[in-house]
Amino acid sequence: MLGTGTDPSVLNRIFTSAEGSKPSSQELFTPSWRDLRRDEFWRQMPAWSEVSEALFLDALWQEKNAITSNEKLLALIGGLVEPDFIEDLTQGLLRAPMALRVSPYILSLINWTTPLTDPLRRQFLPLGSELENDHPLLQFDSLGEQDDSPVPGLTHRYPTKALFLPISTCPVYCRFCTRSYAVGADTEQVAKVHLSVNRERWKAAFDYIAKQPELEDIVVSGGDAFRLKPEQLRTIGHALLDMPHIRRVRFATKGLPFSR
């Protein structure tokens, strides 16, 4: 590993290209992931080749056109990959414990010329050839959240902090999700703990929190809080902040803010 005290001459030898040219110091230490795509990358997908930039980048359009069925996914990429890959993907989808949900944005960013090694494909789309037998000690609720759940959708593990799950869906579903016991729909392999939006379930969580004066920090997650409606966010926020012992409420999301 290269530390901050590495001799510059060593760096020059390491990063000198075969042609003998050397990158500038700015090129050397500027991570490539900071260079966001500015091209119309979604046009590689036949189904969206005519979609305008304004429409494709609209969050509501992305939500409406999210891919949630195996059949739709396979139809979208059928002309981009080899039949062997389609078969491998089909087997992976049938055996995976996480339901399928991927946005057009993510699907379009995948390099379909090398899907086996593409990191986004590996994060969201399972292949049968990648799946291994479960470890004997594997638990579906890998973090044991339900063991510390006094009411459905609330985990109280640490004295001053609690995790509230008002919703169990996300804009996209990651294969490695540690909350796959509840996130997404049932699959061929597993039946989920259903924590969909339910005001009575929320009230039970609020009633519990109100009776625990040691609680002061509530994380509102899911799923993803991004998928809650504005009025639902207000309901949750006011219910918690109206309790005198609650000092912090954090809404956990990977979604980008946008105007409705």
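Among the contacts in the chain with a separation of 6 or more, 69% are made by residues 24 or more positions apart, where contact means heavy atoms within 4.5 Å. Of the 260 residues in the chain, 36% are buried, a word used here for a relative accessible area under 20%, while exposed stands for over 50% and partly exposed for what lies in between, with a 1.4 Å probe and protein chains only. This is a predicted model, in which local features need pLDDT of at least 70 and side-chain atom pairs count only at pLDDT 80 or more, whereas totals for chains, interfaces and linings use all residues. Residues are numbered from 1 along each chain as its sequence is written, and side-chain values use heavy atoms, with hydrogens and water left out.

The chain contains 10 helices and four strands, where helices (H or I, at least four residues) and strands (E, at least two) are DSSP runs numbered from the N terminus. Followed along the sequence, these elements give the pattern α-α-α-α-α-α-α-α-β-β-α-β-α-β.

The four strands form an open sheet in the order β1-β2-β3-β4, with mixed pairing; two strands are said to pair if DSSP finds at least two bridges between them. At the edges stand β1 and β4 (248-251), each with a single partner strand, so that one side of each is left without a neighbour in the sheet. On average, neighbouring strands of this sheet are turned by 20° against each other, direction ignored, the axes being lines fitted to C-alpha atoms, for helices over the stretch in contact, and angles in general running from 0 to 180 degrees between N-to-C directions.

Within the sheet, strand β1 (residues 154-158) pairs with strand β2 (residues 161-164) in the antiparallel sense, over three bridges. A hairpin of two residues joins β1 to β2, and Leu154 stands opposite Phe164 in β2. The pairing of β2 with strand β3 (residues 217-220) is in the parallel sense and runs over four bridges, with Ala162 standing opposite Ile218 in β3. Helix α9 (residues 199-210) packs on the sheet and touches β1, β2 and β3, its direction making about 25° with that of β1. Helix α10 (residues 230-241) also packs on the sheet, but touches β2, β3 and β4, and its direction makes about 160° with that of β4.

In the loop between β2 and α9 the reader will find Asn198, which is partly exposed, with a relative accessible area of 36%. The C-alpha atoms of Asn198 and Pro166 are separated by 7.6 Å, although these residues are 32 residues apart along the chain.

The charged side chains come next. Side chains of opposite charge can pair when their charged atoms come close. A salt bridge is counted when a side-chain nitrogen of Lys or Arg lies within 4 Å of a carboxyl oxygen of Asp or Glu, and by this rule there are 13 salt bridges. In one of them, Arg101 is joined to Glu63, with the closest N and O atoms 3.2 Å apart. Arg101 lies in the loop between α6 (83-95) and α7 (104-109) and Glu63 lies in helix α4 (residues 59-64), so this pair ties together parts that are 38 residues apart in sequence. Arg101 counts as buried at 11% relative accessibility, whereas Glu63, at 27%, counts as partly exposed.

Another salt bridge links Asp148 with Arg157, whose closest N and O atoms are 2.7 Å apart. Asp148 is partly exposed at 28% relative accessibility, and Arg157 is partly exposed with a relative accessible area of 34%. The side chains of Glu130 and Arg122 likewise meet in a salt bridge, at 3.9 Å from N to O. Here Glu130 is partly exposed at 26%, and Arg122 is partly exposed at 48%. Glu130 and Arg122 also belong to a network of salt bridges that links them with Arg121 and Arg175.

What remains is the largest pocket. On a 1 Å grid over the protein atoms alone, a pocket is an open set of points where a 1.4 Å probe fits, with protein on both sides within 12 Å along at least five of seven lines, and lining residues have an atom within 4 Å of a point. About 1100 Å³ of space lies in the largest pocket, a volume being the space filled by probe spheres set on the points, which are joined across faces, edges and corners. Its lining consists of 37 residues, of which Pro171, Val172, Asp224, Lys254 and Gly255 lie nearest the centre of the pocket. Helices α4, α7 and α8 (119-124) each supply at least two residues of this lining.
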